[in-house]
Amino acid sequence: HAYKCDITDYATVADTVARFEAAAGPVDGLVNNAGWDKSIRFIDTDPEFWRKVVDINLYGPLNLSHVVLKGMAERCRGRIVNIASDAGRVGSSGEAVYSACKGGIIAFGKTVARELTRKGITVNTLCPGPTRTRPLAGQDEKLVAALVRAIPMRRLDEPEDYAGLVSFFLS
């Protein structure tokens, strides 16, 4: 099943989850993997940019989690995996608002895990470092080279590096 959904809109998320569950059954696993950013110094940004980054990276996962957690809590089972970022743990130059959102997702995951563990729900959060994705491919080569030099293994992560971890946490 595939559904187009604007995760920044709570009502749309609730409607999409309801349609999915009507067709496929209850949601037992959720991966909050949406993300968007543009590398810009904070002082060069504006509130419109902040809203876009916060809507996608913070409100999107909050909306999805809130909608599916209600059913998970009623059924006393469920798994959520949040994809945050190392930027949420340590900050990242040119990503102030994104880092703030991902730091919020880290704290959100810890809190929800504490609140719902007795209901049979687990919440885990992965914090990938620089990963070879389309947005990174559009970055300045000098920046990418600097990122690689700062990584102890001297290589960018690959998206495939995380599939096994996500599967494990959903199991």
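How many helices and strands does the protein have? The points below take this up, then turn to side chains. The model is predicted.

1. **Fold content.** The protein has seven helices and three strands. Along the sequence they come in the order α-β-α-β-α-α-β-α-α-α. The radius of gyration is 17 Å, close to the 16 Å given by the globule rule for 171 residues, so the protein is as compact as a globular protein of that length.

2. **Dimensions and surface.** The C-alpha trace spans about 50 × 35 × 30 Å along its principal axes. The accessible surface of the protein is about 10,300 Å². Carbon and sulfur atoms supply 56% of that surface. Of the 171 residues, 35% count as buried.

3. **Contact range.** Take the contacts between residues at least 6 apart in sequence. Of these, 68% join residues at least 24 apart.

4. **Salt bridges, overall.** The count is seven salt bridges.

5. **Asp15 and Arg19.** These side chains meet in a salt bridge, at 3.3 Å from N to O. Both residues belong to helix α1, which covers residues 10-24. They are four residues apart, so about one helical turn separates them. Asp15 is partly exposed, with a relative accessible area of 43%. Arg19 is also partly exposed, at 38%.

6. **Arg89 and Asp86.** What separates the two partners along helix α3? They are three residues apart in that helix (residues 86-90), which means a separation of about one helical turn. Arg89 is exposed, with a relative accessible area of 54%. Asp86 counts as partly exposed, at 24% relative accessibility.

7. **Arg75 and Asp28.** This salt bridge has its closest N and O atoms 3.8 Å apart. Arg75 lies in helix α2 (residues 47-75), whereas Asp28 lies in the loop between α1 and β1 (29-32), so the pair ties together parts that are 47 residues apart in sequence. Arg75 is partly exposed, at 24% relative accessibility. Asp28 is partly exposed too, with a relative accessible area of 33%.

8. **Aromatic pairs.** The structure holds four aromatic pairs. One of them is formed by Phe42 and Trp50, and this pair is stacked. The ring centres are 5.4 Å apart and the planes make an angle of 10°. That angle counts as stacked because it is under 30 degrees. Phe42 is partly exposed, with a relative accessible area of 44%. Trp50 is partly exposed as well, at 32%.

9. **A charge over a ring.** Which residue lies over the face of Trp36? Lys52 does, at 4.1 Å from the ring centre.

10. **Ser99.** Is Ser99 buried or exposed? Ser99 is buried, because its relative accessible area of 9% falls under the 20% cut-off. Ser99 is found in helix α4, which covers residues 96-116. Leaving aside residues up to four places away in sequence, Ser99 touches Ala87, Gly88, Gly91 and Ser92.

11. **Ala34.** Ala34 is found in the loop between β1 and α2. Ala34 counts as partly exposed, at 32% relative accessibility. Not counting residues up to four places away in sequence, Ala34 touches Ile7, Asn57 and Lys102.

Key: Residues are numbered from 1 along each chain as its sequence is written. This is a predicted model: local features need pLDDT of at least 70, side-chain atom pairs count only at pLDDT 80 or more; totals for chains, interfaces and linings use all residues. Side-chain values use heavy atoms; hydrogens and water are left out. Rings of Phe, Tyr and Trp (its six-membered ring) pair if their centres lie within 6.5 Å; planes under 30 degrees apart count as stacked, over 60 as edge-to-face and the rest as tilted. Buried means under 20% relative accessible area, exposed over 50%, partly exposed in between (1.4 Å probe, protein chains only). A charge sits over a ring if NZ of Lys or CZ of Arg is within 6 Å of the ring centre and within 35 degrees of the ring normal. Helices (H or I, at least four residues) and strands (E, at least two) are DSSP runs, numbered from the N terminus. The radius of gyration is taken over C-alpha atoms; the globule rule is 2.2 Å times the number of residues to the power 0.38. Contact means heavy atoms within 4.5 Å. Accessible areas come from the Shrake-Rupley method with a 1.4 Å probe; for residues, only the protein chains shown count as cover. A salt bridge is a side-chain nitrogen of Lys or Arg within 4 Å of a carboxyl oxygen of Asp or Glu.
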